[in-house]
Amino acid sequence: MSKVFELTQRSEIGRLTFAIPSSSLHLLRILHGSKSEILPSWEAFWQGVPDYDHLPVDSRKLLPSVIRRVQHVSPGGGWKHVHGMDLSYLEGLPRYFWTKNQFFLNQARVIVNASAKAGIRLVAFKGICELLTGGPSGMMRSTNDLDILLNPEDLDRFREVTKNVGFRELDATTKTWLQRPYPKDQFSFERTDGAKVHIDAHVVVNPLRLDNALTHAILHGCVPSGWCEGLFFPSPEERFHIAVSHAFRVGNWADGSVTKYIHDACIALTA
């Protein structure tokens, strides 16, 4: 894992160089390094950090998966005491995210089943793929969004499906260009009861346009998810491409999601 990642954009922005914080590197070593690295990296991660509230947002998003792995190599609970701190209050974090993700998956299943009845083929990527294919720690991944790819001809029927199962469509202007990877082709939906479950539907309008080339390839090269009939996932190779593309997106560096996507890329490499 390199400490420095570079992104070159053909625009007035020029060359951007991003450095991954040391805290993120410690978490990635815990998740993808050898067992002998786990506890030393855990101790190094907390060096100079007074408590959970002072952790970078990027680190918090991986912490449930990290704690699950740390618990496996420290069954006696020694991981809870580092640098004079008592971290016992974090013990329930993996279970909390597991429960939260069960609710998310239940909502996703409702959407997939309703779409299948309407004859709509859904290709899901990012969060739900990593939840269901990310190994023992996959169910601790933080996600609130169901990201799907749609054929253009299915969009109107999908809008009707989401409305019938308790979602409403959001105005496209609610997301900035930094947050929206596929401008004008992304349609977002949220629960009408306020539950934090969102749907981001990406429609491949012009497969010859550069920013649609990857999504078009995924749409037509996916495989059955094996989780719910009517839901398809990208291949591990395409999941890797997706994770890397999101790791190098400026908006994700701004909102603290990069380490999570590097983690996803590592998972896809070993799938």
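**Close-up views of the predicted model**

**View 1. Packing around helix α7.** Helix α7 spans residues 155–164, and its buried residues are Leu155, Phe158, Val161 and Thr162. Seen down the helix axis, these buried residues fall within an arc of 115°, so they line one face of α7. On the other side of α7 are the exposed residues Asp156, Lys163 and Asn164.

**View 2. The seven-stranded sheet.** Seven strands make up an open sheet with mixed pairing, in the order β7-β8-β9-β6-β5-β11-β10. The edge positions are taken by β7 and β10 (223–224); each has a single partner strand, so one side of each lacks a neighbour in the sheet. Strand β10 runs antiparallel to β11 (residues 231–233), and two bridges join them. Val223 has Phe233 of β11 as its bridge partner.

**View 3. The largest nonpolar core.** This core has 29 residues, and those with the most contacts inside it are Trp42, Trp46, Leu63 and Val66. Two or more residues each come from α1 (22–32), α2 (35–45), α4 (63–73), α5 and α11 (258–269). Helix α1 gives the largest share, five residues. Leaving aside neighbours within four places in sequence, Leu63 is in contact with Trp42, Phe45, Tyr52, Leu55, Leu90 and Leu93. Another core, of 28 residues, lies apart from the largest one and includes Phe104, Ile111, Ala124 and Phe189.

**View 4. An aromatic cluster.** Ring pairs link Trp42, Phe45, Trp46 and Trp79 into a cluster. The structure holds six aromatic pairs. One of them joins Trp42 and Trp46 edge-to-face, at 5.7 Å centre to centre and with 75° between the planes. Both Trp42 and Trp46 are buried. Phe45 and Trp46 also form an edge-to-face pair, with 5.3 Å centre to centre and 80° between the planes. The relative accessible area of Phe45 is 3%, and that of Trp46 is 0%. Since buried means under 20% relative accessible area, Phe45 counts as buried, and Trp46 does too.

**View 5. Charged side chains over aromatic rings.** Arg191 lies over the face of Phe167, at 6.0 Å from the ring centre. For Lys260, the charged end sits over the ring of Tyr261, 5.5 Å from the centre of that ring.

**View 6. The whole chain, for orientation.** The chain contains 11 helices and 11 strands. Of its 271 residues, 48% are buried. Among contacts between residues at least 6 apart in sequence, 65% join residues at least 24 apart.

How values were computed. Residues are numbered from 1 along each chain as its sequence is written. This is a predicted model: local features need pLDDT of at least 70, side-chain atom pairs count only at pLDDT 80 or more; totals for chains, interfaces and linings use all residues. Side-chain values use heavy atoms; hydrogens and water are left out. Buried means under 20% relative accessible area, exposed over 50%, partly exposed in between (1.4 Å probe, protein chains only). Helices (H or I, at least four residues) and strands (E, at least two) are DSSP runs, numbered from the N terminus. The arc is that of the directions from the helix axis to the C-beta atoms. A nonpolar core is a set of buried Ala, Val, Leu, Ile, Met, Phe, Trp, Tyr and Cys residues joined through side-chain atoms within 4.5 Å. Contact means heavy atoms within 4.5 Å. Rings of Phe, Tyr and Trp (its six-membered ring) pair if their centres lie within 6.5 Å; planes under 30 degrees apart count as stacked, over 60 as edge-to-face and the rest as tilted. A charge sits over a ring if NZ of Lys or CZ of Arg is within 6 Å of the ring centre and within 35 degrees of the ring normal. Two strands pair if DSSP finds at least two bridges between them.
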